[in-house]
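Subject: Structure for you to look at, with notes

Dear colleague,

I am passing on the structure we spoke of, and my notes on it follow below. Please read them with the model open beside you.

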Amino acid sequence: MTVTQLRLVLETDDLDAALAFYRDALGLHVEVPEEVASQRVRAHFIPTGQSALELLEATAADSAIARYVDKRGPGLHHITLRVDDIAAALAELKAKNVRLVDEQPRPGAEGALVAFIHPSSAHGVLVELKQAADVNVRLKREVDVRLKPDATNVRRFALGDLELISLFDGFFRLDGGAMFGVVPKPFWEKKAPADDRNRITLAMRPLLVRGVRTMLIDAGLGGKDDAKFHEIYGVDRSRNLDHTLAEAGVAPDDIDIVLASHLHFDHSGGFTYRDANGRLRPKFPRAQYVVRRGEWEDATHPNERNHASYIADNFVPLAEAGVLQLVDDDQTIMPGVRVKRTGGHCMHHQSIYIESAGKTAIFPADIVPTTAHLANPWVMGYDLYPADTVAAKQAFFKDVADKDALVFFVHDPAVAAAYIREDKGKRTYAQA
Ligand SMILES: [Zn+2]
Ligand SMILES: [Zn+2]
């Protein structure tokens, strides 16, 4: 039996006092707690080098831990020995006549398997054996946590005289390595767990701005793609822009302006649709579609490096229908909404700044597509000019800090919008 970690498990009757000692006085890092519903206990993990402490807090008066604390007071409850193969360890101990509380492993915190050895065999100490969850099982649990039901909801935000409505056009999957560029997988997979094909789940979140006019910023993937495309990109549009626009109380012909951050298929797919006769038409019949001229040129003249990102059916019909408006420079598109070229992701990628009554919101699009991309070097491998993306991010986060801006994440699987904090160069977010 090989033990890979020792953990001391302490139970507490006063969590704040315990944290004041272990966290504040000893200066140890206490991780986000985990509820173990079956045991009616909350576990606070405290890494300490190779070993660890764990503070247990009862969540119900009749839990085993609460009864134990009542009887004996707070203190050391048991020690945990981490093993690679708990079934083999139990068999070995049984063969050596060690008295076991659990002859079979049972589920514990963090998706692990656990079993207890009786204190009478361990010289008065309760000993727990623990086999950590298979890394894939653990990651799958984290994915499930991220994809909460409200991750697909319409969200409304007031910004001065404007109303901002975050919409949703479904989930899709892209290669995790490509989404994080030079960042090694052990780092990114903690934030964005990969599936068995190394793909991570992303959302598409177009943004509606209601002011003197009604504007849609980007439009997701749309509904024109075939089964093969859906299979490659793991598309799930069972809930999509049609549903979320309707929930927001907006009909397609309410939209006056459609503004493109850029023309990649996951942003422009919803610009057009195929009618009953198979003809491609603008999806929003009354809208002018505003696209940066340089991006239009690149999208209509793709090269071998970027052609997979551009699908002509998403935007060429706009020119044919006479609803395309090309803009050359950074400028105001409607009162309170202006564009700013960032480059980086593609040469003419632009962010959208929304400003009203001294308040600012920014839609950085694919410069900071998810909350996992807050750090400057976390740049997509898809980006054509990654060094420019880093510079654009620095400028963007300076603007965010100066204006305390609300940030919209076009591809985050769970977080539509957040406020960003920066402390000693490390950025964190608070969901809005
Ligand atoms: Zn893109
Ligand atoms: Zn994108």
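This is a predicted model: local features need pLDDT of at least 70, side-chain atom pairs count only at pLDDT 80 or more; totals for chains, interfaces and linings use all residues.

The pairing of β12 with strand β11 (residues 171-175) is antiparallel and runs over 5 bridges, and within it Phe 172 has Leu 202 of β12 as its bridge partner. Asn 198 lies in the loop between α6 (185-191) and β12; its phi is near 65°, a positive value in a residue other than glycine, and at 22% relative accessibility Asn 198 counts as partly exposed.

For the protein as a whole, there are 12 helices and 26 strands, and the C-alpha trace spans about 85 × 45 × 40 Å along its principal axes. Of the 432 residues, 48% count as buried. Among the contacts between residues at least 6 apart in sequence, 64% join residues that are at least 24 apart.

In helix α1 (residues 15-25), the buried residues are Leu 15, Ala 18, Leu 19 and Tyr 22. Seen down the axis of α1, these buried residues fall within an arc of 95°, so they line one face of the helix. An α-helix has 3.6 residues a turn, so residues three or four places apart point the same way. The buried residues of α1 pack against β1 (3-12), β3 and β4, whereas the face turned away from the buried side carries the exposed residues Asp 16, Asp 24 and Ala 25. Gly 27 follows α1 and has a positive phi, near 70°.

In α2, the buried residues include Ile 65, Ala 66 and Val 69. Seen down the axis of α2, its buried residues fall within an arc of 100°, so here too they line one face of the helix. What covers the buried residues of α2 includes β1, β3, β4 and β5, while the face turned away from the buried side carries the exposed residues Arg 67, Asp 70, Lys 71 and Arg 72. Just after α2, Gly 73 takes a positive phi of about 80°.

The second largest pocket may be of interest to you. About 590 Å³ of space lies in this pocket, and of the 28 residues that line the second largest pocket, the closest to its centre are Ile 65, His 77, His 78, Phe 116 and Leu 126. At least two residues of the lining are supplied by each of β3 (41-48), β4 (51-58), α2 (64-72), β5 (75-83), β6 (106-107), β7 (113-117) and β8 (127-131). By class, the lining residues divide into 17 nonpolar, 6 polar and 5 charged.

Strand β5 also holds Arg 82, which at 29% relative accessibility counts as partly exposed. Leaving aside its neighbours within four places in sequence, Arg 82 is in contact with Thr 2, Val 3, Thr 4, Gln 5, Lys 130 and Ala 132. Between Arg 82 and Phe 172, by contrast, there are 90 residues in sequence and 37 Å in space, taken from C-alpha to C-alpha.

Most residues other than glycine have a negative phi, and most peptide bonds are trans.

Terms used: Residues are numbered from 1 along each chain as its sequence is written. Chains are lettered from A and ligands numbered from 1 in the order in which they are written. Side-chain values use heavy atoms; hydrogens and water are left out. On a 1 Å grid over the protein atoms alone, a cavity is a set of points where a 1.4 Å probe fits but cannot get out, and a pocket is an open set with protein on both sides within 12 Å along at least five of seven lines; lining residues have an atom within 4 Å of a point. Grid points are joined across faces, edges and corners, and a volume is the space filled by probe spheres set on the points. Helices (H or I, at least four residues) and strands (E, at least two) are DSSP runs, numbered from the N terminus. Ala, Val, Leu, Ile, Met, Phe, Trp, Tyr, Cys and Pro count as nonpolar, Asp, Glu, Lys and Arg as charged, and the others, Gly among them, as polar. Buried means under 20% relative accessible area, exposed over 50%, partly exposed in between (1.4 Å probe, protein chains only). The arc is that of the directions from the helix axis to the C-beta atoms. Contact means heavy atoms within 4.5 Å. Two strands pair if DSSP finds at least two bridges between them.
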